[in-house]
Amino acid sequence: MPRTRLYSLDELDDIPGTKVFNARRSREAYHLHKFCMSLMKAENREAFKADERTYLDQFKMTEDQKQAVLDRDLAKLIELGGNMYFLVKIASTDGWSAQKAVSSMSGMSADEYAQMMLEGGRSPEGLRSKKEAK
Amino acid sequence: MARITAGIATSHVPAIGAAIDLGKTQDPYWKPVFDGYEFVKEWVKDNMPDVVILAYNDHASALMLDIVPTFAIGFAEEFLSADEGWGRRPVPVVKNHLDLAAHIAEQLVIDEFDITLINEMDVDHGLTVPLSLVFGQPEEWPCKVIPLAVNVTQFPTPSGERCWKLGEAIRNAVKTFPEDLDVQVWGTGGMSHQLQGTRAGLINAEFDQRFIDLLAHEPEELKYITRLEYLRETGTEGIELIMWLIMRAALGYGVEEKHRFYRVPASNTAVGHVVYEARS
């Protein structure tokens, strides 16, 4: 008998404002992520900063993914399969803190977000399930 | 024979590493975080291990793009600090204990853990920030380190229960290594945090505190927290806490809690830290 999962996979899609990074999403973002990891070399960061579009065109990313990188639209990049551990390398290349990068997806300004964290962060109340959130 | 003498758990937030590297540990924002580590820095002077088996997750620095191993042991003689986009952290080279690493790999496979070995990789903040928090800024790390990389990023990740069993298997492996070595197991990552989407910034202090409350003496129920529950309750990155279970299981039945610390925030994250000594 195969073992069974303790919860249905659909439930992973039930968390508000959250994309669970799985093998399918990882594949969708493979070339985007390859670009992100290329930024782990100083010379590549320089080449990217010198001409972002030309640099991005070396990678087999979708046009949407390229545009979202140019726009620094991290929320969109997550939607297009991205995972923050890869994407944060774009933010680091820009000299952004991880907090500023994360805040850019939160619907708050960087200052408002920083203040929320100082006050103990975002409560999970009402945010555990889309059903709960309605 | 080798023995597991103690375990440490700590968050491994990259901004903590940056604060150390840039000399900001006494800034008003950071001081309350670093004060929580004063104990362990003193404690470790009298409890210096020969080897640390350090459970951490690679943050898309060496793994996760082309190869996504569930559990992997670093098997190079040494590991450099990774350039995660802002240059390599100015920390010493991490040196492995290859004989113990080889023995653990051998024993884990006998114990039905089909472990991946990695012959070359850099190690990122997940591994180096805990070393800095405990050992400060030495010229050389004072002990050998066996990197144990756990996939907590891409689903399917291992379950908490599986991590627990891995910890038990590591304990059994270390106990059968013939050399006289003091070994510590460290579990890193967590506590609650979410780094994506409109739920970013999520912190669940109630969950975190309860996790710390139960981990030392009543860890049984923590084994059965599902991955879904970690995501809902502690955020998408809070699931790193399963690596604390590897540490706890490796210590065996009884532990003495020497220290605990909890603080919100460090950047996006709830910082948690415990120090346990093994009783047996």
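**View 1. Chain A has ten helices and zero strands.** Read from the N terminus, the elements of chain A go α-α-α-α-α-α-α-α-α-α. Helices here are DSSP runs of H or I with at least four residues, strands are E runs of at least two, and both are numbered from the N terminus. This is a predicted model, where local features need pLDDT of at least 70 and side-chain atom pairs count only at pLDDT 80 or more, while totals for chains, interfaces and linings use all residues. Residues are numbered from 1 along each chain as its sequence is written, with chains lettered from A and ligands numbered from 1 in the order in which they are written. The C-alpha trace of chain A spans about 50 × 45 × 20 Å along its principal axes. Out of 134 residues in chain A, 38% count as buried; that label takes 20 or more other C-beta atoms within 10 Å of a residue's own, exposed takes 12 or fewer, partly exposed is in between, and C-beta atoms are placed from the backbone. Look at contacts in chain A between residues at least 6 apart in sequence, and 57% of them join residues at least 24 apart. A contact is a pair of residues whose C-beta atoms, placed from the backbone, lie within 7 Å.

**View 2. Chain A is assigned two stretches, domain 1 (21–96) and domain 2 (97–134).** The bounds come from an automatic or database domain assignment. Taken over C-alpha atoms, the centres of domain 1 and domain 2 of chain A sit 23 Å apart. Where they touch, domain 1 of chain A puts in six residues and domain 2 of chain A puts in six residues. On the domain 1 side, α6 (74–79) and α7 (84–93) of chain A each supply at least two residues, and α6(A) gives the largest share, three residues. That side of domain 1 is made up of six nonpolar residues, with no polar and no charged ones. For the classes, Ala, Val, Leu, Ile, Met, Phe, Trp, Tyr, Cys and Pro count as nonpolar, Asp, Glu, Lys and Arg as charged, and the others, Gly among them, as polar.

**View 3. A UniProt record marks residues 32–117 of chain A.** The unreviewed entry lists them as "domain: Extradiol ring-cleavage dioxygenase LigAB LigA subunit". UniProt positions are given in the numbering used here, the feature name is shortened, and annotations may be inferred rather than shown by experiment. In the model, the span is 69% helix and 0% strand, and its end C-alpha atoms lie 30 Å apart.

**View 4. Over in chain B, eight strands form an open sheet.** The order is β6-β3-β7-β2-β8-β1-β10-β9 (chain B), and the pairing is mixed. Two strands count as paired if DSSP finds at least two bridges between them. At the edges are β6 and β9 of chain B, each pairing on one side only. From one strand to the next, the twist averages 20°. Elsewhere in the sheet, β2 (residues 51–56) and β8 (residues 182–188) of chain B run parallel and are joined by five bridges, with V51(B) opposite V183(B). Helix α7 (residues 205–215) of chain B lies across β9 and β10 (269–278) of chain B, at about 5° to β10(B). Axes are lines fitted to C-alpha atoms, for helices over the stretch in contact, and angles run from 0 to 180 degrees between N-to-C directions.

**View 5. Strand β3 (residues 71–74) of chain B is covered on both faces.** F71(B) and I73(B) are buried on one side, and A72(B) and G74(B) are buried on the other. In a regular strand, side chains alternate between the two faces of the sheet. Three bridges link β3(B) to β7 (residues 144–150) of chain B, and these two run antiparallel; F71(B) has V150(B) as its bridge partner there. Three bridges also link β3(B) to β6 (residues 116–118) of chain B, this time parallel, and I73(B) stands opposite L117(B).

**View 6. Zoom in on I73(B), a residue of strand β3 of chain B.** Why does I73(B) count as buried? Because 20 other C-beta atoms lie within 10 Å. Leaving aside neighbours within four places in sequence, I73(B) is in contact with residues including A101(B), I104(B), I115(B) and L148(B). E106(B) is 33 residues away from I73(B) in sequence and 11 Å away in space, C-alpha to C-alpha.

**View 7. Here chain B meets chain A, with 38 residues of chain B in contact with 49 residues of chain A.** On the chain B side, α1 (14–21), α8 (227–234) and β9 (255–266) each supply at least two residues. The largest share, four residues, comes from α8(B). By class, the chain B side has 18 nonpolar, 15 polar and five charged residues.

How values were computed:
Two residues are in contact if their C-beta atoms, placed from the backbone, lie within 7 Å.
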